[in-house]
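Subject: Structure handover

Hello,

Here is the structure for your files. Please open it beside this note while you read.

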Amino acid sequence: MSAGITVDDLTKRYGPVTAVDGLTFEVEPGVVTGFLGPNGAGKTTTLRMVLGLVTPTGGRALIDGRRYGDLDQPRRVVGAVLEATGFHPGRRGRDHLRIIADAAGLPRPRIEEVLDRVGLTDAADRRVGGYSLGMRQRLGLAGALLGDPRVLVLDEPANGLDPVGMVDLRDLLRGLAAEGRTVLMSSHMLSEVAQTVDKVVIVAAGRLRYAGPLTELTGAHGETLEAAFLRLTSDPASDSGTGPDSATDATASSAHH
């Protein structure tokens, strides 16, 4: 089951703009890792490079030691949710998953398993156009799980979820990690992240600010995740004032852990 994500000196430039600036960190199996940063920090660009949707300017992003494009059966290795859009509004939820399964050569009985796991069985025969944002998030997650992947990459999976949905998502992600899977999720909902993740990667202005255990980040200064996040991202142009969690030490922490 073991398969991790390696980000090594990953850089992406768009003309004079550097969206991602030499990121290096590891995402390990068996834990939930939160990928955090302000708007425009380069999170989505990084995730898209991990998934082979954007070509890096420099560095590399590997899944189980290989670039996404080199994976033999990518849907059986990686499940991804980048946004809760792209669903045909007239298509029923179950039919959406059938199309994905057939295109990827995945067994149809798996559809019922993932519908149950994300709590969409009762709504599976409704048209997606009538789904709430939270239900579309669940459907996207079901699609990501179809291949029984060892790695999950999720961009803002909690968007639109009500409190019950939040708890369900938390339990699901922690359960997947407990099975030995690698779970990387971005989120702006820091209070929820603090209850879900084991490790965090924090970026600002495309640069790494911290990578390591959540307990080390919050325990070092006796602060909440929100306070630590604000401290690390308040002056992304400089490492000054960030103490032991500077970008340089964060890289070392990532390598150490």
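This is a predicted model: local features need pLDDT of at least 70, side-chain atom pairs count only at pLDDT 80 or more; totals for chains, interfaces and linings use all residues.

Residues are numbered from 1 along each chain as its sequence is written, and side-chain values use heavy atoms, with hydrogens and water left out.

Helix α3 (93-104) has 12 residues and reaches 17 Å from its first C-alpha to its last, close to the 16 Å expected at 1.5 Å a residue (the expected span is 1.5 Å times one less than the number of residues). Helices here are DSSP runs of H or I with at least four residues, strands are runs of E with at least two, and both are numbered from the N terminus. The buried residues of α3 are G93, R94, H96, L97, I100 and A101 (buried means under 20% relative accessible area with a 1.4 Å probe, protein chains only). They cover an arc of only 160° around the axis, so they sit on the same side of α3 (the arc is that of the directions from the helix axis to the C-beta atoms). Their cover includes α2 (74-77), α4 (109-117) and α5. Just after α3, G105 has a positive phi of about 70°.

V31 lies in the loop between β2 (17-27) and β3 (32-36). V31 is buried, at a relative accessible area of 16%. Its C-alpha is 6.4 Å from that of T182, 151 residues apart along the chain. Leaving aside residues up to four places away in sequence, V31 touches A177, R181, V183 and D198 (contact means heavy atoms within 4.5 Å).

Regards

Notes:
Buried means under 20% relative accessible area, exposed over 50%, partly exposed in between (1.4 Å probe, protein chains only).
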